[in-house]
Amino acid sequence: MDLRIDAARLLSRLEELGRVGATGDGGCARLALTDEDRQGRDLVVTWMRDLGLDVQVDAIGNVVALRDGREPGPPVMCGSHIDTVATGGIYDGNLGVLAGLEVLETLASAGVVPRRPMAVAFFTDEEGSRFAPDMLGSLVYAGGMPVEEAYDLVGIDGARLGDELARIGYLGSLPCPGLVPHAYVELHIEQGPVLEHHDEVIGAVTGVQGISWQEVRFGGQFNHAGTTPLALRHDAGFAAASVAVAARALARELGPPQVATVGKLDLRPGLVNVVSGRSTLTVDLRNTEGDVLADAERRMAEEIDRIASEEGVTVERRQLARFDPVQFDDRIVGLVEETAHGHGHAVRRLPSGAGHDAQMLARLCPSGMVFVPSVGGISHNPAEFTSPGHVEAGANVLLHVLHRLAEEEIVS
Ligand code: HGY
Ligand code: MN
Ligand code: MN
């Protein structure tokens with residue numbers, strides 16, 4: 001099959017979706033279940049319906065759009081997410097959903113009906129920025145969390161997930177866990193520097209590294225910044241800042257691929273002349289090796305307790321997300337690699353530093369990912385950019401990988 005996608009149509013949809021929740025600096029902000037997320041959802045659902053797909057919404061707001069095959073059976077699924085972080089670019093997640101839609105439209109326009117049904121999906125709250133954990137919708141889809149538990153998650157703004165889902169009109173009737181696909185393949189930007197550094201076009205993603213998110217709250221004593229001697233302070237702000245320094249030192253000591261991030265640091269009252277009596281921070285630890293990640297968590301906990309004890313502050317910890325490393329299906333990794341070669345692209349096998357819905361679908365069916373380069377390795381930033389040529393290359397590799405899978409025998 002020498003079909004190719006319509007790159008202009010895909011690129012214009014990426015731009016159009018990127019204008020929903022536009023932040024005025026080339027990026028967009030559509031935090032999960034906000035009005036901006038709803039607007040983005042409505043736009044993509046309209047495109048899905050215009051294509052004549054059977055659009056279904058499940059109990060956690062995941063949207064799955066299906067097209068019949070020549071025979072009934074488990075579909076070949078693609079997709080990703082369309083919620084973004086607050087400093088989002090227009091490619092993270094959106095590319096995988098819109099390229100999947102483009103694949104289905106390309107096949108339909110050419111009158112190609114694969115043996116198997118095909119589906120393109122977007123999953124709720126992949127980013128986890130507003131409602132932790134990340135990959136929440138695909139986690140519930142895969143049976144990793146009961147939907148009732150997900151409904152009671154409280155966001156960073158105090159909102160209850162189930163209420164927000166109902167408010168935006170995406171509390172669907174389809175039960176979770178969802179339909180088990182024959183296979184799942186997700187196109188995504190790399191969000192890192194590897195492909196660009198090696199001048200390669202396609203990443204055949206081997207898996208996703210382990211993720212550990214925790215929230216840490218310190219309780220100290222509000223006091224006067226001028227009159228309180230250091231020895232008498234119980235400074236929750238100093239404790240929080242010390243954890244940020246300790247996290248970086250721990251990652252440095254463990255060495256790559258270990259990373260550690262304190263992305264949120266909130267001191268109260270946050271005034272220039274008041275010793276902070278209360279602080280909240282988040283610690284994001286990741287590693288491709290499960291045992292090293294567990295060691296990093298243990299050492300981070302020891303450091304936090306040492307810091308709290310030395311400063312004489314109380315400490316409370318809450319786990320926000322915890323996912324072991326995931327390996328993708330080697331047959332699919334090989335198919336991505338072979339297809340990329342067949343299209344004349346330089347390709348590399350590599351693990352994903354970022355979490356993805358594919359790591360949850362991998363609990364249900366053979367799953368894999370196709371990466372395309374991120375310019376400067378930048379993501380979660382309005383400057384996030386992937387060249388039109390690389391967008392087109394990735395979508396065409398996705399088209400041919402999905403079509404190969406969709407022609408596979410249906411064994412009942
Ligand atoms: O945090 C992540 O890796 C993803 O962007 N949700
Ligand atoms: Mn993403
Ligand atoms: Mn992201």
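Q: Why is His81 called buried?
A: In this predicted model, His81 has a relative accessible area of 0%. Buried means under 20%, so His81 goes in that class.

Q: What makes His188 count as buried?
A: The number to look at is its relative accessibility, 1% for His188. The cut-off is under 20%, so His188 counts as buried too.

Q: How do you know that His81, Asp92 and His188 coordinate the manganese ion (ligand 2)?
A: Check the distances: NE2 of His81, OD of Asp92 and NE2 of His188 sit at 2.1 to 2.3 Å from the ion. A donor has to be an N, O or S atom within 2.8 Å of the metal, so these three residues qualify. Water is not among the atoms, so the site may look incomplete.

Q: What spacing do the donor residues of that manganese ion (ligand 2) have in sequence?
A: The pattern reads H-x10-D-x95-H. His81 and His188 are 107 residues apart, and the pair links distant parts of the chain. His81 lies in the loop between strand E3 (76-80) and helix H3 (94-109), while His188 belongs to strand E5.

Q: Which residue coordinates both the manganese ion (ligand 2) and the manganese ion (ligand 3)?
A: That's Asp92, and the two ions are 3.5 Å apart.

Q: What makes the phi of Asp125 worth a look?
A: Phi of Asp125 is near 50°, which is positive, and the residue isn't glycine. Most residues other than glycine have a negative phi. You'll find Asp125 in the loop between E4 and H4.

Q: Is Asp125 buried or exposed, and how do you know?
A: Its relative accessible area is 1%. With the buried limit at under 20%, Asp125 is therefore buried.

Q: What about Gln191: where is this residue, and what is its phi?
A: Gln191 sits in the loop between strand E5 (183-189) and helix H7 (194-197). Phi is near 65° there, again a positive value in a residue other than glycine.

Q: Why does Gln191 count as buried?
A: Relative accessibility comes out at 16% for Gln191. Under 20% is the rule, so Gln191 counts as buried.

Q: How do you know that the peptide bond joining Ala132 and Pro133 is cis?
A: Look at omega, which is about 5° for this bond. Pro133 is in the loop between strand E4 (118-122) and helix H4 (136-141). Most peptide bonds are trans.

Q: What is omega for the cis bond from Arg268 to Pro269?
A: Omega is near 5°. Pro269 is placed in the loop between strand E10 (265-268) and strand E11 (274-275).

Notes:
Residues numbered from 1 in each chain as written. Chains lettered and ligands numbered in written order. Predicted model: local features only at pLDDT ≥ 70, side-chain atom pairs only at ≥ 80, totals over all residues. Heavy atoms only, no water. Helix = DSSP H or I, 4+ residues; strand = E, 2+ residues; numbered from the N terminus. Buried < 20%, exposed > 50% of the residue type's maximum accessible area, 1.4 Å probe, protein only. Donors = N, O, S within 2.8 Å, 3.2 Å for Na, K, Ca; no water.
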